[in-house]
Each structure stands twice: as structure tokens, then as C-alpha cells.
Amino acid sequence: MMSPSRIDSFLEKTIGLSAEAIGSEVIAKAVRLRMADLGLPDVADYYGHLMASEKEQAALIEAVVVPETWFFRNKKTFRFLVDYVTGTWFKENPGRPLRALSIPCSTGEEAYSIAMSLMDAGIQNNRFHIDGVDISETALAGARAALYARASFRGEDLSFRERYFDPEGDAFRLHDDVRQPVRFLRGNILNEGILADQEPYDFIFCRNLLIYLSSRAKQRTLELMVRLLTDSGILFLGHAEREAAVLWGLVGIPEFGVFACRKERKEKGSSIQPAHEPRPCRRRFEKVERCLQPPRLAAPSHSVGKSPESFITERAPNDSAQSSIRGDLFDEAQRLADKGALGSALELCGHFLNDHPIHVEAHFLMGLIYEALDRQEKAEQSFNKAIYLDPNHSEALNHLSFIVENRGNTARAAHLRERAQRVSRKQAEI
Ligand SMILES: C[S@@+](CC[C@H](N)C(=O)[O-])C[C@H]1O[C@@H](n2cnc3c(N)ncnc32)[C@H](O)[C@@H]1O
């Protein structure tokens, strides 16, 4: 019996897929499916066939890729885009059409979400152009057809579906005016010549691909992003991916809940901030202490003199009256974190956890805040608490995997990512 690692190597070399990241079992399952389809019971025979046939190579790639996506995945990203475009980009680029790229675009939800966001902001569809690129022809066929089942619509606010789709049987057909500025192309992100003849892009969405790639492929992808971005362009990544880009040399944009980077640091007067909010901290360039602002809410009296960390203690809840007063603290902490007031958010979240020591989302929020403050050890502790309380918290699992990977523990990182993927797949089936 031939070791499946030759097939793993083929996939790494061809599309950058890391067997460790996606899980060898996922690849083995795809191979078994292909072998069954072809009626080939022996892996060595299958490998020979794979090497000889481009058609089979494409089929195996189709079987192994993860096309999981949905409209407005991480809403904050799209809000940030619109704020920045309307507040800054159009002023700095009068008359120039905006260019965006979704790579990988999978079945098109991300590219169309960009279009809908811009149109919602009153921008006409002839003022922007969007390219969507993916290696999967099946996914691209879905993107071009623009007929979407319910799984593509997640979250509470689906009002965009009423504005931009018509029901068709059990599915929903996207309006032509949203489709018009979007073009889909097949491409392998590892192909040196990919999009070489295209003008650079002002905004690139490269989300939820790096997590599946080997380090070599991550590096190649980030090099490509730099080549394809305009000098002042913004790259949007998935939540567990930005850190890799920053460590590699891109500059993180410190916007809570948005995982974006740009090519190089802009000095004073940077126009990178969306117009609506001053950003409170410039990650990696200023001391974390400077990010810690005084709390906007009066702290409960017993908190005086305590550091935020001292509130992450597993104490029994206080009496219910006090608990209900604190009930709003979590929302307020979240709101502050969203605004970028990380120091205040950290403190309030700490107060809240003092009374609600088994509140999963509060531990998760704490982890996000620590992560944004570059306090990876504290972030790890918080995410660990979140998954201890809820082993199916896929976001906490993803964040934790990234931190652990940065510490060099790739095996544990891969295990955590596998767990997260299993949970996401299960949730998508529901
Ligand atoms: C999880 S989806 C991401 C879709 C979207 N960006 C999002 O975040 O929702 C990953 C996509 O990456 C594509 N892909 C994987 N390897 C690729 C490669 N080497 N080049 C281009 N696309 C690739 C897959 O076909 C799949 O559609």
C-alpha cells in the first residue's frame, strides 16, 4: 500500500494545501471518493493515473477544496470597507473607478457582498469593478449562475435578500445590476502569472485560504497580494490569518473585528482610518499602555485598585440585583471593543466576568481584546477558557490554533483547526 503522503505532496506543490492544516483524513477521504468513482482500488494505481491526467488532477482538487462561504461573512469587514470608501477613498481618488478582488471567491458570495455593500452606500455600479478568482470550476459555475440556496444566507439581518434577490423555487436569484460589475475568473493563487495583465486592486479580500496553506504557499500568496495591491490598497484576511501577514511584514490595521492589512506603515495623517472613528491604538508601533484608555463607565466600587486581569477569577456570582446591573456591562464592553477602546473594553469585560465567571462569550471577547493588544499569552488563556466551557466554539478554536501555531506548536494548532472545521461543517449541515 502506497503512503498517501505522495498525494499530500502533490496537493501542496500544486495548490499549496497543507495536509497538516486541513487534516490528512480530509485528503484521504477525497482520494477514496476519487478512487471509488474511477473504480481503482489501489492507491498506487490511482497515484499513477493522477500524475498522467490533468483532468484527474482537477477532479481531486475539486474534491479536496473547502468552498464554505456565505454572504456578508464577518459583517464588520463590509461596514469598514464602506466607511473607508465613502469617507476617504472617493475623496482621494475622484473620478477613478474602484477596483476590488475576491480571491479565493468560491461561489461568489464575497464578491457580490462587496458589490451590495457599495450599492447600499449609494455608489453606482459603474463606479466599481470586482474580480472574483478561484481554482474551483464548480464553485465558479455557481458564482456565475448567482442562484443561491438558504445556506448562503446566515445571520440575523437578511434584509439585503429582499433588496437584491428574487425567490426562485427554494433558492434566490441575484439581481443583474449586482452581477454586472462582477467578473469571475479561474486561477490558481500559486500560479506566478496570475492576474499579471490586470491593473492593481484597491481592495483585496483574501479570506479563509491562508489557514489551509503550507508556509511556502502562505508566503507566495502574501507576495502575490503585495504585487496585486495598489500602494495604498487594503488587504482583508480571515480572523485567524492577519497575524501571519503582519509577522510576514504587512502592516496590520487596528480595527477591532476587522482583519485587514496594508503594504507599509503610513506616517501621521494616514488616511487609512475610516472616517467615522479615531483609532485608539496603532498596534505594534506604540506601547500597549497607550491604548489603555480610562473606562467610559464608572467602575463598580470594589474594582478600585484592581488590574483588569485580577477580575478573571472564577468566583461565585454575586446577588442577583448586582448581577442585573452588571448585565449591561458585557454589551458595553463589546461596544467599546468594536469602537477600538480596547483598554476600557478589557476592564469592563473583566468586571463582567467577575460576576459571570462561566460566560463563554465574555471569555471569548476577552481573548479578542488581548489579541488585539498583542498580549498573546493572556489571549490564549481566555480562548482556552472559552473552549473549556464550550468545546464547540469554533471561533475560539480558530483563534487559539493561530496563537499556538505562532508559538511553534504546529501539531496542536492543526488539531485545534481540525476541531474548528469539524464544528463549522456540522453547523453548516444544520
Ligand atoms: C473557504 S473558501 C473561501 C471563500 C471566501 N473567501 C470566504 O472567506 O468566504 C476557500 C476557497 O479557496 C479556493 N482555493 C483553494 N486553493 C486555491 C488556490 N491554490 N488558488 C485559488 N483558489 C484556491 C477553494 O476552491 C475554495 O473555494
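Reader: Which residue stands opposite Leu147 in strand 5?

Author: Leu147 stands opposite Arg173 there, where strands (E, at least two residues) and helices (H or I, at least four) are DSSP runs numbered from the N terminus. The model is a predicted one, in which local features need pLDDT of at least 70 and side-chain atom pairs count only at pLDDT 80 or more, while totals for chains, interfaces and linings use all residues. Residues are numbered from 1 along each chain as its sequence is written.

Reader: And what is the bridge partner of Tyr148 in strand 5?

Author: The partner of Tyr148 is Phe172, and Phe172 is also the bridge partner of Pro167.

Reader: What is the strand order in that sheet?

Author: The order is 3-5-4 in an open sheet of three strands with antiparallel pairing, where two strands pair if DSSP finds at least two bridges between them. Strand 3 (residues 147-148) joins strand 5 over two bridges, and strand 4 (residues 165-168) joins strand 5 over four bridges.

Reader: Why is one side of strand 3 and of strand 4 left without a neighbour in the sheet?

Author: Strand 3 and strand 4 stand at the edges and each has a single partner strand, so one side of each lacks a neighbour in the sheet.

Reader: Which residues of strand 5 are on its covered face?

Author: Phe172 and Leu174 are on the covered face of strand 5 (residues 171-174), whereas Ala171 and Arg173 are on the uncovered one.

Reader: Switching topic, how many residues are in the largest nonpolar core?

Author: That core has 119 residues, and Leu235 and Ile204 are among those with the most contacts inside it. A nonpolar core is a set of buried Ala, Val, Leu, Ile, Met, Phe, Trp, Tyr and Cys residues joined through C-beta atoms within 7 Å, and a residue is buried if 20 or more other C-beta atoms lie within 10 Å of its own, exposed if 12 or fewer, and partly exposed in between, with C-beta atoms placed from the backbone.

Reader: Which helix gives the largest share of this core?

Author: Helix 16 (residues 360-372) does, with eight residues.

Reader: What about the ligand, which residues come nearest?

Author: Of the 21 residues around the ligand, the nearest are Val65, Thr69, Pro104, Ser106 and Ile189, where near means that the C-beta atom, placed from the backbone, lies within 6 Å.

Reader: Last one, how much of the chain counts as buried?

Author: Of its 430 residues, 43% count as buried.
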